[in-house]
Amino acid sequence: MADITRRSFLTFAGLGAVGAVGLGTRPWGLQYAGAQPLPTSGAGTTLEAVARPAGSSGYRKLEAGPGWGMIVRDELADAQTGREDRRTALTSFVQVTDVHIVDAQSPARVEYLHPVEGSAHRPQETLTTQGLAALVRRVNTLAAGPHTGRGFDAVVSTGDNTDNKETVELNWFLTAMNGGTIVPNTGDLTTYEGVQNSGADLYWNPGSEIRDMYKRVGFPDLPGLLDAALTTFSSPGLNTPWYCVFGNHDDSVQGTLPNGISLLEDMYTGSKKFEVPSAKESSSLGSASSSGSAGDVFTALSAFTSKPRTVTADLSRKPFTPEEFIAEHLRPENTGPGPVGHGFAPDAGQTGIGYYSFEIAPGVIGISMDSTNRAGYVDGSLGEAQFKWIEQTLIAGSSRYYDTDDSPVSNPGNDTWFILFSHHTSGSMDNLNSDPTDPSERRIPGAEVLDLLHRFPNVLAWVNGHTHENKITPWQGSTPDRSFWEINTASHIDFPQLGRIIEVADNNDGTVSLIATLFEADSPYSVGYTDLSPLGLASLYREFSFNDIHATPELRTGDEGDRNVELLLPSRA
């Protein structure tokens, strides 16, 4: 099968980050520049252990492998010996991203495209709710940064919280994060009605004897899996206040297609599900999706003549609007550990404004960007009004900064540190299509956002997701104090299924450290196939994701400098 990401399939565009500092510009990787390793508990994180395959080929179970060590990255500032004894913790927070809660039985899904777009169907996708609950348990168990010991100030989910902008997916996500009972089923609540019991060779059919394309490479017969996946269970909910960021899957059909296609949106709550359309029909829809034309997609879907499967219609699958997405976060019953609205302003359910700022900790401000484009599609960008708001927010917390012509500006007031959050990376913000809600507004690409951040010495980092891989980029400014780090973290639906802890510490020697540590969900590395409890299912969620025929674990895991790292910056607040 061709290994093509959803983004490359639909846009034929590379990530192409502009102007990144190459890792060869300075040596890095020496453990703390000769100083003693950071004191750390390590327990429960990838410092202690990391999932690895048992065996060298074929379908493999997982086992505990050695942890990943900490790597110092000093491209942007020198690492001073002894700083671990001098440092003061400023904040400690958790990033989770791309959890992709999936209604795997939805008629609006296009699983049949997975031979050319692997993420259209994943063998583990019936288990996303159990997987997220296990991730929540791990965050609660960890409770604090492993290096500074500071309790978590916040958890930030950086987008693609749902997979197909369905109301029921959103409800499951909110319940998993806030705590409560989840019924991970739609349609006929007594049985599964999706592609994994279709009998088609194109999908893994765990409950039947058919030797489908997945079983031929080692996926097991697993009677009872689908029934267990639909069984009611409870999530403990986070113990830490959490904040939400929009992702393209929270805003467009399967995160890829243009919005406003009436035929497709009607399919959400309908009773006709296409599981194995003809090769010609699948190819036609794939080409229409790549064209970026809502009309082409509508035409391709209208031409389907293959017989669909009749499933149980369900109004809970209704696609939500951005306003409805925000309004659900603002409902009192969805407050959980707080805050009310999880960052969204009290009137955002009416205005649809999906960006905001919030205090992560005293002296550290988070800026949550909405990098989706209401036109739909995979890539992102910012509207000009949001871009100007970000600039004004940075100015308000900066006693000095640089104007657009690079001239220094003094500003009365106190300094704060800034950490920005978005779903898209700087290199995947090139969707400049007009926003249908404001067609005259200019769209801002990622390169302009980088230029903006370089003007403010108080910016520490830009934290994001979207690419489903770990990647940390140093963005060097024209002077050392105008540099910052971009921290991109792998998803929780695709292996290696990680979250990231970020601790910020003032080293009291002219430098600041961002200490980033990856962690896995709180589920066993391996269970017997008779263990279909929620914990067992969370374990199988990881195992199936590793063995997905489209998986690229080595790419998504990143290099050692993208995993557990200490990132140095000059101190300038």
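Guide: Some terms first. A residue is buried under 20% relative accessible area, exposed over 50%, and partly exposed in between (1.4 Å probe, protein chains only). This is a predicted model, in which local features need pLDDT of at least 70, side-chain atom pairs count only at pLDDT 80 or more, and totals for chains, interfaces and linings use all residues. Residues are numbered from 1 along each chain as its sequence is written, and side-chain values use heavy atoms, with hydrogens and water left out.

Visitor: Why is Ala143 called partly exposed?

Guide: Its relative accessible area is 41%.

Visitor: Where is Ala143?

Guide: Ala143 sits in the loop between H3 and strand S5 (154–157). Helices (H or I, at least four residues) and strands (E, at least two) are DSSP runs, numbered from the N terminus. Ala143 follows H3, and its phi is positive, near 70 degrees. Its C-alpha atom is separated by 22 Å from that of Val245, 102 residues apart along the chain.

Visitor: Why is H3 said to be largely enclosed by the rest of the structure?

Guide: Because 13 of its 15 residues are buried.

Visitor: What makes the phi values of Asp98 and Gln254 worth a remark?

Guide: Most residues other than glycine have a negative phi. Asp98 has a positive phi, near 55 degrees, and Gln254 has one of about 50 degrees. Asp98 is in the loop between strand S4 (88–96) and H3. Gln254 is in the loop between strand S8 (242–244) and helix H6 (262–268).

Visitor: Are Asp98 and Gln254 buried or exposed?

Guide: Both are buried: the relative accessible area is 0% for Asp98 and 3% for Gln254.

Visitor: Why are S11 and S19 called edge strands?

Guide: The open sheet has 6 strands, in the order S11-S12-S16-S18-S20-S19, with mixed pairing. Strand S11 (356–361) and strand S19 (471–475) each have a single partner strand, so one side of each is left without a neighbour in the sheet. The twist averages 20 degrees from one strand to the next.

Visitor: How do you know that S19 and S20 pair?

Guide: Two strands pair if DSSP finds at least two bridges between them. S19 and strand S20 (residues 484–488) have 5 bridges, in the antiparallel sense, so the term holds. In S20, Ile487 is the bridge partner of Ile472.

Visitor: What residue classes make up the lining of the second largest pocket?

Guide: The lining has 4 nonpolar, 7 polar and 7 charged residues. Ala, Val, Leu, Ile, Met, Phe, Trp, Tyr, Cys and Pro count as nonpolar, Asp, Glu, Lys and Arg as charged, and the others, Gly among them, as polar. Helix H9 (322–330) and helix H11 (384–396) each supply at least two lining residues.

Methods. Axes are lines fitted to C-alpha atoms, for helices over the stretch in contact, and angles run from 0 to 180 degrees between N-to-C directions.
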